[in-house]
Amino acid sequence: MAEAHQAVAFQFTVTPDGIDLRMSHEALRQIYLSGLYSWKKKFIRFKNGIITGVYPASPSSWLIVVVGVMSTMYAKIDPSLGLIAKINRTLDVTGYMSNQTQNIVSGVLFGTGLWVALIFSMRYTLKMLLSYHGWMFAEHGKLSTGTKIWMTLVKLFSGRKPMLYSFQTSLPRLPVPSVKDTVNRYLESVHPLMNDEQFKRMEALGKDFAINLGPKLQWYLKLKSWWAANYVSDWWEEYIYLRGRGPIMVNSNYFAMDFLYFTPTSVQAARAGNAIHAILLYRRKLDRQQIQPLMIYNVIPMCSSQYERMFNTSRIPGIETDTIQHIKDSKHIIVYHKGCFYKVWLYYDGRLLKPREIEQQMQWILDDKSKPQPGEEKLAALTAGDRVPWAKARQTYFARGKNKQSLDAVEKAAFFVTLDDTAQGYREEDPVATMDTYAKSLLHGKCYDRWFDKSFTLIVFKNGKMGLNTEHSWADAPIVGHLWENVMFSDCLELGYTEDGHCKGESSSGILMPSRLQWEIPEECQEVIERSLAVARPLADDVDFHSFPFDTFGKGLMKKAKTSPDAFVQLALQLAHYRDMGKFCLTYEASMTRLFKEGRTETVRSCTTQSCKFVQAMDDPSETLEKKVALFKAAATHHQLLYRLAMTGNGIDRHLFCLYVVSKYLAVESPFLKEVLSEPWRLSTSQTPQQHIDLNKNPGMESSGGGFGPVADDGYGVSYIIVGDNLINFHVSSKYSCPETNSHRFGKNIKQALCDIRDMFGIGKNSTK
């Protein structure tokens with residue numbers, strides 16, 4: 001094959017006249033360019049490391065400080081209060097320098113020390129400023145004079161042109177709340193879910209814990225908070241994600257969808273070409289720290305640590321716990337199509353492949369008629385089933401030879417791509433069935449055509465629709481959402497397509513075509529694969545998924561009720577769930593703690609005493625409209641308070657979780673913690689970050705958002721994205737095996753609840769208010 005020939009740098013044969021050495025100049029040129037690219041990348045990382053390391057100062061500020069010190073010295077002014085003279089006397093002992101040289105060196109050393117001291121002073125001051133969170137609790141849109149002064153100081157000490165990781169050393173650490181406060185907030189959260197007898201029992205357990213065992217566990221947690229960057233995140237990653245021995249497909253992985261109504265091309269290879277190139281452009285920006293850190297009000301920075309493992313990352317199965325493998329760079333991706341794995345190189349002539357060149361590679365794969373090797377087609381089912389069989393199979397069958405080389409290629413790839421042989425996406429003639437099928441395909445597919453252990457799998461369907469399936473342990477949804485929105489923006493609005501739907505540009509000759517991964521999978525391993533598939537398929541088939549757009553109204557109308565759109569939706573979900581199940585339940589809403597170093601998530605317990613009173617009043621015909629509105633506003637205000645407390649490190653669940661982990665390390669039992677940690681979340685909710693593509697300039701590019709599987713066997717999972725002013729996309733999941741739940745029924749209840757709250761305020765289409 002031509003590509004195999006080009007991959008060889010030189011060939012030699014032994015003849016009677018000696019050795020005939022033939023050099024391949026093209027291959028040597030590619031080796032040279034590859035090395036040049038690697039050194040260039042190392043230099044950029046080194047340079048960015050220096051810039052980030054001295055932030056909020058800049059490398060050039062060192063020269064300014066040193067020149068300033070030297071100028072004062074020549075003006076016979078001592079800015080060091082005698083330190084320069086002491087340095088001078090120390091240097092004089094060496095006897096190797098003239099007086100003038102000693103003066104220069106002394107000035108440079110003092111200037112450098114002063115510069116370093118200023119850097120640490122600015123960082124510490126910024127960290128102290130960022131530890132203040134009073135601004136979070138101010139009324140929306142109304143900033144006090146004190147808050148404005150505080151923001152001015154934050155801007156002053158934040159430096160200019162921050163890079164992605166510039167603020168990492170200045171972010172405060174997540175504070176550890178007091179045990180008493182956490183227990184009290186917990187008891188308040190479960191009060192509406194218990195009868196008087198149950199609550200009195202739990203109250204007694206909680207107060208006993210707060211007085212006796214709690215302070216002992218808290219001491220160890222405080223110690224960890226002083227030592228570690230974040231007292232929660234490493235334990236959360238390990239015990240919630242990596243130590244889980246069940247399938248991560250459906251139970252942990254989540255998905256992101258394409259545009260709702262718009263598909264820029266129906267050519268599968270072209271859509272894959274643009275999407276892959278856009279992802280690689282994002283990776284290059286990430287490597288160079290050219291992505292701006294996320295800032296609230298364009299002033300308050302959020303932690304960027306989760307971006308570090310977005311690419312070149314894979315979850316590695318273990319017997320007791322999994323690990324996350326991350327490498328600095330990867331120059332290839334793995335593509336799966338019709339049971340075959342292909343390795344695709346991403347660089348040519350020391351540059352990224354162009355979209356048209358990647359399209360050519362994808363088309364070559366689509367046209368390839370070769371058949372899967374024995375065991376190859378369903379190999380990825382190992383990543384969909386239980387973790388222990390996969391770990392044992394990996395140790396037994398993939399530790400050497402071809403299998404190890406091929407598995408290394410998969411696990412060390414930049415990311416994984418599936419060219420799916422089905423057509424998916426919203427179709428106007430059957431919107432319900434098509435959206436539900438689309439969601440299930442992204443969530444689990446055939447259970448063997450996504451590599452669920454990769455940081456993310458890009459899935460491109462036959463009709464040009466696409467989406468992501470994402471492994472959860474390395475990062476949370478907002479990080480992936482940022483990548484995905486950038487990719488969709490770049491795909492459609494920067495790269496674009498020709499009139500016939502192909503990628504723009506020309507393809508270069510001589511580019512290596514994809515190569516098949518080689519496997520030698522014995523029958524014993526094939527049996528393990530089938531057993532994993534036998535675990536995964538019933539799990540996938542049991543998912544009852546309903547994805548639907550709600551376009552009756554959206555954020556624009558909600559704001560007329562003078563409440564936050566998130567609180568509006570959360571109270572609608574409480575009303576819908578009560579009507580659906582006839583009872584209240586423990587409700588999980590994901591919030592973030594990225595105002596702190598290495599922060600991830602916290603739980604907002606959305607089912608509150610206030611929300612329950614509102615829900616009961618809505619279905620009570622004897623209640624007045626004014627009373628219902630007052631109860632809604634009280635519930636919405638309390639929900640916003642809980643959300644702000646969670647964001648500022650005063651949540652309930654992460655603190656109790658860490659206390660529980662400490663109790664396990666100390667081998668002490670806590671009836672209170674055991675009961676708290678065993679309570680099921682029968683309604684788990686999450687808001688996808690809002691879309692930032694300007695819909696006024698780009699109508700029709702509404703995002704569909706993304707979703708996840710049900711957290712409890714007898715509960716619902718609900719994800720939603722508020723798109724523009726007139727659309728909310730919902731993704732509802734449950735299990736067919738539970739006779740009490742039905743995702744389509746719950747979806748109807750959500751729609752009705754939203755409309756009922758709108759009508760309560762009289763802000764509908766026919767309203768005069």
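1. A712 touches W681 and R682, leaving aside residues up to four places away in sequence; contact here means heavy atoms within 4.5 Å. A712 sits in the loop between β20 (706-708) and β21. The C-alpha atoms of A712 and P680, 32 residues apart along the chain, are separated by 6.5 Å. With a relative accessibility of 10%, A712 counts as buried (buried is under 20% relative accessible area, exposed over 50%, partly exposed in between, with a 1.4 Å probe and protein chains only).

2. On the basis of the values: this is a predicted model, in which local features need pLDDT of at least 70 and side-chain atom pairs count only at pLDDT 80 or more, while totals for chains, interfaces and linings use all residues. Residues are numbered from 1 along each chain as its sequence is written, and side-chain values use heavy atoms, with hydrogens and water left out. Helices (H or I, at least four residues) and strands (E, at least two) are DSSP runs numbered from the N terminus.

3. An open sheet of six strands has the order β16-β22-β21-β19-β17-β18, with mixed pairing; two strands pair if DSSP finds at least two bridges between them. The edges are β16 and β18 (601-605), each with a single partner strand, so one side of each has no neighbour in the sheet. From one strand to the next, the twist averages 20 degrees. Axes are lines fitted to C-alpha atoms, for helices over the stretch in contact, and angles run from 0 to 180 degrees between N-to-C directions.

4. Helix α21 (residues 625-647) packs on this sheet and touches β17 (587-592) and β18. The direction of α21 makes about 50 degrees with that of β17.

5. Strand β22 (residues 727-735) has nine of its nine residues buried. On one side these are L727, N729, H731, S733 and K735, and on the other I728, F730, V732 and S734.

6. Strand β16 (residues 543-550) pairs with β22 in the antiparallel sense over eight bridges, and F545 has S733 of β22 as its bridge partner. Strand β21 (residues 716-723) is also antiparallel to β22, through seven bridges, with V723 opposite L727. β21 and β22 form a hairpin with three residues between them, and G724 in the turn has a positive phi of about 60 degrees.

7. Strand β19 (residues 683-687) runs parallel to β21, joined by five bridges. S686 stands opposite S719 in β21.

8. Helix α3 (residues 59-74) packs against helix α5 (residues 99-130) at about 130 degrees, with axes 8 Å apart. The two are therefore oblique (under 35 degrees is roughly parallel, over 145 roughly antiparallel, 65 to 115 roughly perpendicular, the rest oblique). Residues of α3 in the contact include W62, V66 and M70, and those of α5 include I104, F110 and W115. The contact has 14 nonpolar, five polar and no charged residues (Ala, Val, Leu, Ile, Met, Phe, Trp, Tyr, Cys and Pro are nonpolar, Asp, Glu, Lys and Arg charged, and the others, Gly among them, polar).

9. The axes of helix α9 (residues 213-227) and helix α22 (residues 653-665) come within 9 Å and cross at roughly 100 degrees, so α9 and α22 are roughly perpendicular. L217, Q218, Y220 and L221 of α9 meet H655, C658, L659, V662 and S663 of α22. By class, this contact has six nonpolar, three polar and no charged residues.
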